[in-house]
Amino acid sequence: MYGNDFGTPSDDPGRGAATDAPEGFDELLATEGRVEPRDAMPEAYRKTLIRQIAQHAHSEIIGMQPEGNWISRAPSLRRKAILMAKVQDEAGHGLYLYAAAETLGVDRADLLDQLHDGRQKYSSIFNYPTLTWADMGAIGWLVDGAAIVNQVPLCRCSYGPYARAMVRVCKEESFHQRQGFEILHTLSNGTEAQKAMAQDAVDRYWLPSLMMFGPPDDDSPNSAQSMAWGIKRFSNDDLRQRFVDMTVPQAEVLGLSLPDDAIAWNDETGHYDFSPIDFTELFEVIKGNGPCNQQRMAHRTGAHNDGAWAREAASAYAAKQAARLVAVA
Amino acid sequence: MSTPRDSSPTPLRSSGEQSGGGPVPSADVLTGRLFDYVVALADDALVNAQRLGWWISRAPQLEEDVALANIGLDQLGQARSLLAYAGEVEGAGRSEDDLAYFRDERSFRNTLLVERSQEDFGVAMARLLIVSAWQSHLYAALRGSTDATLAAVSAKAVKEVAYHLDHAGRWVVRLGDGTDESHARMQAALDAEWPFLEELFDGSFIDPTLIGDGVAVDPATLRDAVLSTIGAVVDEATLTVPDVRPALGGGRSGRHTEQMGFLLAEMQHLTRSHPGATW
């Protein structure tokens with residue numbers, strides 16, 4: 001979940017710290033003004049934002065893996081090119097977001113260290129495996145769809161650099177979501193085997209996508225403070241409902257079913273009803289017990305460790321070049 | 001989409017066909033030879049893209065994930081243009097995907113250089129330096145091809161590979177002139193790739209008529225320029241041009257390394273499991 005706060009209550013730096021707001025800060029928030037890097041801000045606000053933006057960035061980086069898994073096997077050269085471009089975009093989103101986090105006085109390398117040693121998390125969704133090509137469609141349509149629902153309100157988040165990064169990210173995510181829809185549409189209108197592949201992918205990704213919005217509101221201790229600070233605009237359950245309302249009609253267009261018999265339009269609420277979610281699985285995945293948690297981290301830390309010599313070489317070379325320039329001058 | 005083709009190996013030409021002094025070749029034979037030439041260039045780019053794709057999510061830093069994806073995409077784009085053109089030249093209705101997914105390794109014409117796995121960053125950069133130096137000079141020359149399509153594809157590609165060459169060159173210099181460890185690793189990488197350089201200059205698979213008519217470029221004529229481009233980078237990187245014997249080539253005739261079959265098995269598996277499907 002991209003763009004949500006999926007920390008546990010114990011890492012909440014905001015507890016009891018809301019009273020230390022510098023002069024003018026509350027007013028700025030009340031008038032929907034943007035907080036910029038040089039503005040005074042409560043320490044807890046700063047820490048919460050660092051955590052959320054960093055974890056959003058980490059999600060983009062880990063999120064390269066489930067789709068990267070299919071680059072070598074994409075079934076047409078056009079699809080291969082689209083998938084490579086998409087995974088490239090995700091690395092780019094990670095870069096924007098780390099840059100946004102750095103405006104809060106942290107260093108990208110430290111944030112990556114925190115990802116690598118498990119102190120910071122990434123979205124639960126990327127701990128699920130991509131088992132067929134249709135998963136590229138389901139991820140684009142459902143996972144990126146959920147990410148967009150989560151992230152669009154962040155374009156109005158109170159912290160300026162994060163909000164601006166989100167404007168750029170959301171444009172590209174919308175494009176990815178349409179591409180995912182198109183993959184599923186093609187499969188769903190293809191051979192029987194392709195249609196079955198598409199349905200299976202949607203069946204597997206539906207609940208994990210709903211869980212991307214985080215725990216239910218009555219079990220989401222950080223939400224109230226984030227909403228008061230203008231970091232979060234809507235509750236987890238509101239966003240989840242919005243996602244369901246958006247997705248059900250799209251599933252009809254695709255000719256695919258969503259794996260929940262309870263989905264039905266409710267005239268009274270003006271929303272689609274859906275079955276209550278058992279969040280046990282989400283909490284297990286967040287704790288590290290999902291299907292791919294270990295694999296994703298091993299891949300990420302493996303790449304980081306294997307590349308250390310090249311990064312060290314780049315630093316050493318840059319230092320030598322700087323010294324040479326001084327010597328010439 | 002069309003159904004899979006017979007993927008039995010294309011017969012290798014007899015020596016009589018290759019010599020320039022025989023009977024005047026028929027139009028069909030010439031078409032076949034242009035097809036072979038275009039496919040060879042396409043396969044270099046396609047297989048190179050496939051190997052570069054492995055790096056996405058595995059690079060030493062995020063900027064490099066972006067760069068290698070970008071270069072892989074450029075290579076894939078070149079492969080697609082060339083394969084689509086090869087399909088046209090052949091006139092049998094084969095699409096870029098038919099050519100990419102429904103040929104076996106004995107029908108692929110890429111050089112051995114690009115097909116071997118490259119799971120070491122130094123090796124990846126050494127190879128990218130060699131491939132992009134070669135492609136830079138090749139595409140620059142092919143801009144003047146008397147074949148309008150080859151000239152147009154090359155005019156676009158030459159701009160892309162200039163970026164690839166710059167990128168690879170900068171990394172080879174950083175790694176070569178970085179730490180003791182990176183210097184040693186970069187030299188080892190260059191030594192490992194160097195034996196496969198010579199095959200790039202082998203033009204024996206190209207019909208001399210194509211070269212004579214100004215359609216194709218004889219790769220032997222690129223040798224000095226390519227070696228000079230690479231040599232300048234190697235010097236700046238404080239590395240040594242390897243003194244190693246060339247490996248025997250064979251890629252242009254469809255005689256590949258043992259890794260090629262695995263690369264294709266992975267690349268083609270899904271498409272071949274659903275013949276005739278649209279994706």
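1. Start with a helix pair in chain A. H6(A) crosses H10(A) in a right-handed sense. Bear in mind while you look that this is a predicted model. H6 covers residues 134-151 of chain A and H10 covers residues 236-254 of chain A; their axes come within 10 Å, with a crossing angle of roughly 145°.

2. Here is who touches whom in that pair. From H6(A) you have A:Trp141, A:Leu142, A:Gly145, A:Ala146, A:Val149 and A:Asn150. Across from them, H10(A) puts in A:Leu239, A:Arg242, A:Phe243, A:Met246, A:Thr247, A:Gln250, A:Ala251 and A:Leu254. By class, the contact of H6(A) with H10(A) comes to 9 nonpolar, 4 polar and 1 charged residue.

3. Now a helix pair in chain B. Helix H7 (residues 148-176) and helix H10 (residues 223-236) of chain B have axes that come within 8 Å and cross at roughly 30°. Angles under 35 degrees count as roughly parallel, so H7(B) and H10(B) are roughly parallel to each other. The crossing of these two chain B helices is right-handed.

4. For the contact itself, H7(B) brings B:Leu165, B:Gly169, B:Val172 and B:Val173, while H10(B) brings B:Thr229, B:Val233 and B:Glu236. Sorted by class, the residues where H7(B) meets H10(B) are 4 nonpolar, 2 polar and 1 charged.

5. Searching the whole structure turns up 5 cavities of 30 Å³ or more. The second largest cavity has a volume of about 80 Å³. Its lining is made of A:Glu67, A:Arg79, A:Ile82, A:Leu83, A:Lys86, A:Trp133, A:Met136, A:Gly140, A:His176, A:Gln179, A:Gly180 and A:Ile183. In chain A, helix H4 (77-102), H6 and helix H7 (160-188) are the elements that give two or more residues to this lining.

6. The lining of the second largest pocket has 4 nonpolar, 11 polar and 6 charged residues.

Terms used. Residues numbered from 1 in each chain as written. Chains lettered and ligands numbered in written order. Predicted model: local features only at pLDDT ≥ 70, side-chain atom pairs only at ≥ 80, totals over all residues. Heavy atoms only, no water. Axes fitted to C-alpha atoms, helices over the stretch in contact; angles between N-to-C directions. Helix = DSSP H or I, 4+ residues; strand = E, 2+ residues; numbered from the N terminus. Left-handed = near helix turned anticlockwise from the far one by under 90°. Contact = heavy atoms within 4.5 Å. Nonpolar A, V, L, I, M, F, W, Y, C, P; charged D, E, K, R; others polar. 1 Å grid on protein atoms, 1.4 Å probe; cavity = no way out; pocket = protein on both sides within 12 Å on 5 of 7 lines; lining within 4 Å. Points joined across faces, edges and corners; volume = space filled by probe spheres on them. Parallel < 35°, antiparallel > 145°, perpendicular 65-115°, else oblique.
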